Amino acid sequence: MESKTPMSKKNIVGAAVVVLLAAYGGATWYMGESARKHYEEALEEAKGFLGPQAVVSHQYERGFWTSHAKLVLQWSPPAAADADDAPVPPPIRIAVDSTLRHGPLAGARVAAAVVESHFAVEGLDENARQALAKVSPPTLTTVHRLMGGHDIHFAMPAGEMGEGDQRVSWQALTYQMSLDAARHKVSGSFQ
C-alpha cells in the first residue's frame, strides 16, 4: 500500500514565491516593452508637431527594470534681416534625458511606467550661459497608469537671471495634470 505524503508548507510557499517572481518578471518585461512603444509613438507625434527637422537625434536603451532615452531637439534662430554680413547665430538645442522605470512597481508606485525627464539647453554662447547660471532645468515626471491614462508633474525650480538692478527672480512652479486613457478628459492645477 502506497502512502501519500502531503506537500510540506515549505514546498508550497517556495512554489508560490517562484510563481510570483516569474509573474512579476514577465509583467516587468511586458510593461517595459509597452513603455518603449509609447515612447516611439510620442516621438512620432513630436515630429509631426515640431517638424522632422527639429529632431536631431534620439536614442533608446532598453533595460529590464529601467530604460534610458535621450532626445535632442534643435531650432535655428532666424538670421538678422537688416544685416547681410551678420554672422548666423548657432542653433539652439534642447536635450531631453529620460529615465523610464518599468512597472508594475515603477518608482515606488503601482504603475505601468514612470518616466522622469530632465531638460538641458545646449549651444548657448558664453553670455547666455552666464545669464542662465543660476537657473535649474525643469523636470517632467509622467506616470503611466496600469489601466491607461497619465499623471503628469512638471516642476520648474525657483531661480534668477541677471545681475544688480536688472535681475529677474521667480518662485518654484509646479503643474499637476491628469489625462484619462481616451485622452478626452484633462484636469490639472498649478502653483
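Me: What does the side chain of Ser67 make a polar contact with?
Reply: The side chain of His102, at 2.9 Å. Keep in mind that this is a predicted model.

Me: Which backbone atom lies 3.2 Å from a polar atom of the Ser67 side chain?
Reply: That's the backbone nitrogen of Gly63.

Me: And is Ser67 buried or exposed?
Reply: Ser67 is buried, because its relative accessibility is 0% and the cut-off for buried is under 20%. Ser67 sits in strand S2, residues 66-75.

Me: What does Ser67 touch, leaving out residues up to four places away in sequence?
Reply: The residues it touches are Tyr60, Glu61, Arg62, Ser98, Thr99, Leu100 and His102.

Me: Arg62 is on that list, so let's switch to charges. Which residue does Arg62 form a salt bridge with?
Reply: With Glu33; their closest N and O atoms are 3.6 Å apart. Arg62 is in the loop between strand S1 (55-61) and S2, while Glu33 is in helix H1, so this pair ties together parts that are 29 residues apart in sequence.

Me: Which salt bridge do the side chains of Glu33 and Arg36 meet in, and at what N to O distance?
Reply: They meet in one at 2.3 Å, N to O. Glu33 and Arg36 are three residues apart in helix H1, which means about one helical turn separates them.

Me: And where do Glu40 and Arg36 lie?
Reply: Both are in helix H1, four residues apart, or about one turn of the helix. Glu40 is partly exposed, with 40% relative accessibility.

Me: Which residues are linked in the network, then?
Reply: Glu33, Arg36, Glu40 and Arg62 are linked by salt bridges. The model's salt bridge count comes to five.

Me: New topic: which residues make the nonpolar surface patch?
Reply: Trp29, Tyr30, Phe64 and Trp65, for about 510 Å². Of these, Tyr30 lies in helix H1, residues 9-50, and Tyr30 is exposed at 56% relative accessible area.

Me: Last one: how many bridges join S9 to S10?
Reply: Five, between S9 (residues 159-163) and S10 (residues 166-170), and the strands run antiparallel. Gly159 has Trp170 in S10 as its bridge partner.

Me: What phi does Gly164 take in that hairpin?
Reply: A positive one, near 60°, in a hairpin with two residues between the strands.

Definitions and conventions. Residues numbered from 1 in each chain as written. Predicted model: local features only at pLDDT ≥ 70, side-chain atom pairs only at ≥ 80, totals over all residues. Heavy atoms only, no water. Patch = residues over 30% accessible without salt bridge, like charges linked within 9 Å, V, L, I, M, F, W, Y side chains within 5 Å. Areas by Shrake-Rupley, 256 points an atom, 1.4 Å probe, with all protein chains shown as cover. Salt bridge = Lys/Arg side-chain N within 4 Å of Asp/Glu carboxyl O. Buried < 20%, exposed > 50% of the residue type's maximum accessible area, 1.4 Å probe, protein only. Pairing = 2+ DSSP bridges. Polar contact = N/O pair within 3.5 Å; in protein donor to acceptor, adjacent residues only side chain to side chain. Contact = heavy atoms within 4.5 Å.
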